[in-house]
Amino acid sequence: MNTDPIADYLTRIRNANNAQHRVVEIPASNVKKEITKILFDQGYILSYKFENTTAQGSIKIALKYDKVTKEPVIKDLQRISKPGLRKYSGASEVPRILNGLGIAIISTSHGVMTGRQAQKENVGGEVLCYIY
């Protein structure tokens, strides 16, 4: 049993990036699916596929690398709100990551979204992670 599935998700992506893997497979959940969609929309991953081989299924993520330097596009993933210490942010104090170069992923009452989307919709929520 995993006590923090989102941290496990981020760690699997981080480890696959460091090992230069092309694809990483992660057990699925609804929040992980939403985070994966955000990563794809923001250009951090090449593609993704949801598979339903088990009851909950899995997510296959094709990682993205720079064509010239072979460096991973995702430089760092940080888990912010943890099960033991939740971090919340209001609509006016949503954090900016690297002066707008990175993204904050926030779980709001309107669903999981980036920090910029949360500011546009004027909603706050739990700050799940930073990605840059």
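Guide: Let's start with a term: a charge sits over a ring if NZ of Lys or CZ of Arg is within 6 Å of the ring centre and within 35 degrees of the ring normal. Mind that this is a predicted model, where local features need pLDDT of at least 70, side-chain atom pairs count only at pLDDT 80 or more, and totals for chains, interfaces and linings use all residues. Residues are numbered from 1 along each chain as its sequence is written, and side-chain values use heavy atoms, leaving out hydrogens and water.

Visitor: Which ring has the charged end of Lys33 over it?

Guide: The charge lies 5.5 Å from the ring centre. The ring belongs to Phe50.

Visitor: Are the rings of Phe40 and Tyr48 stacked or edge-to-face?

Guide: Rings of Phe, Tyr and Trp (its six-membered ring) pair if their centres lie within 6.5 Å; planes under 30 degrees apart are stacked, over 60 edge-to-face, the rest tilted. The centres of Phe40 and Tyr48 are 5.4 Å apart with planes at 75°, so the pair is edge-to-face.

Visitor: How do Tyr48 and Phe50 pair, and at what angle between the planes?

Guide: Phe40, Tyr48 and Phe50 form one aromatic cluster. Tyr48 and Phe50 sit 5.1 Å centre to centre, and their pair is tilted, at 45°.
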